[in-house]
Amino acid sequence: GMTGFLQQRQGSSLPYSVPRGTWLCKDGEWVAVSASAESVGRRVMELIGLGGRDELQSFGGRIEARDEIDAAMAAFCAARTVDEVVAAFEDAHAAAAPVYDMAAVFADPQVRARGSIVEADGVPMQGLVARLSETPGSVRWAGRAMGADDPPAWSSIDSPRQ
């Protein structure tokens, strides 16, 4: 949020859930999909054009066909914007969501409304995860300045012991 650095996408998957991961959409945005329930997996197969195949109706069958399913997911997403993919998955009652970069995190209305990012001493940082009614807590300061605890250039810490 402060430097503008955007981590490159590396994808994600699980060995026991197919499809599950991130895919690039035609608008250059990424979407995360998880079909970790048996019934959801079947609906996703239908959605991406692989429905009606008996071998893809079970976890085991989908795991065996991971490469084919991943290719079908990639093609499905590449032909649609992230909003279109998310809407299609919502219609199919399956889990999908846009993958945010840090700019999108900071701009998201829900992130703002929940106070997920707060400012302390002019520094944006993660807000409290749990807000309890009896002990709500607060972020009171940003901590020491970056580099404040670095050893000085002349320090013997980096030089060999005498």
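Strands β4 (residues 117-120) and β5 (residues 123-126) run antiparallel and are joined by four bridges. Two strands are taken to pair if DSSP finds at least two bridges between them. Helices (H or I, at least four residues) and strands (E, at least two) are DSSP runs, numbered from the N terminus. Across the pairing, E119 stands opposite P124 in β5. The hairpin has two residues between its strands, and D121 takes a positive phi there.

The model is predicted: local features need pLDDT of at least 70 and side-chain atom pairs count only at pLDDT 80 or more, while totals for chains, interfaces and linings use all residues. Residues are numbered from 1 along each chain as its sequence is written, and side-chain values use heavy atoms, with hydrogens and water left out.

**Positive phi and a cis bond**

Most residues other than glycine have a negative phi, and most peptide bonds are trans. Relative accessible area (1.4 Å probe, protein chains only) defines buried as under 20%, exposed as over 50% and partly exposed as in between.

| Residue | Phi | Relative accessibility |
|---|---|---|
| H93 | about 55° | 61%, exposed |
| D121 | near 55° | 60%, exposed |

H93 lies in the loop between α4 and β3 (95-99). In the segment before β1, P19 is joined to V18 by a cis peptide bond with omega of about -5°.

S17 also belongs to the segment before β1, and its relative accessible area of 1% makes it buried. A polar atom of the S17 side chain lies 3.5 Å from the backbone oxygen of A35. Contacts (heavy atoms within 4.5 Å) link S17 to A35, S36 and R66, not counting residues up to four places away in sequence.

Helix α3 (residues 66-78) has 13 residues; at 1.5 Å a residue it should span 18 Å, and its end C-alpha atoms are 18 Å apart, which agrees. The expected span is 1.5 Å times one less than the number of residues. Its buried residues are R66, I69, A72, M73, F76 and C77. Because they cover an arc of only 130° around the axis, they lie on the same side of α3. The arc is that of the directions from the helix axis to the C-beta atoms. These buried residues pack against β1 (20-24), β2 (30-34), α1 (38-47), α2 (59-64) and α4 (82-91).

In α1 the buried residues include V40, G41, V44 and M45. Their arc of only 140° puts them on the same side of α1. The buried residues of α1 pack against β2, α2, α3 and α4.

How values were computed
Polar contact = N/O pair within 3.5 Å; in protein donor to acceptor, adjacent residues only side chain to side chain.
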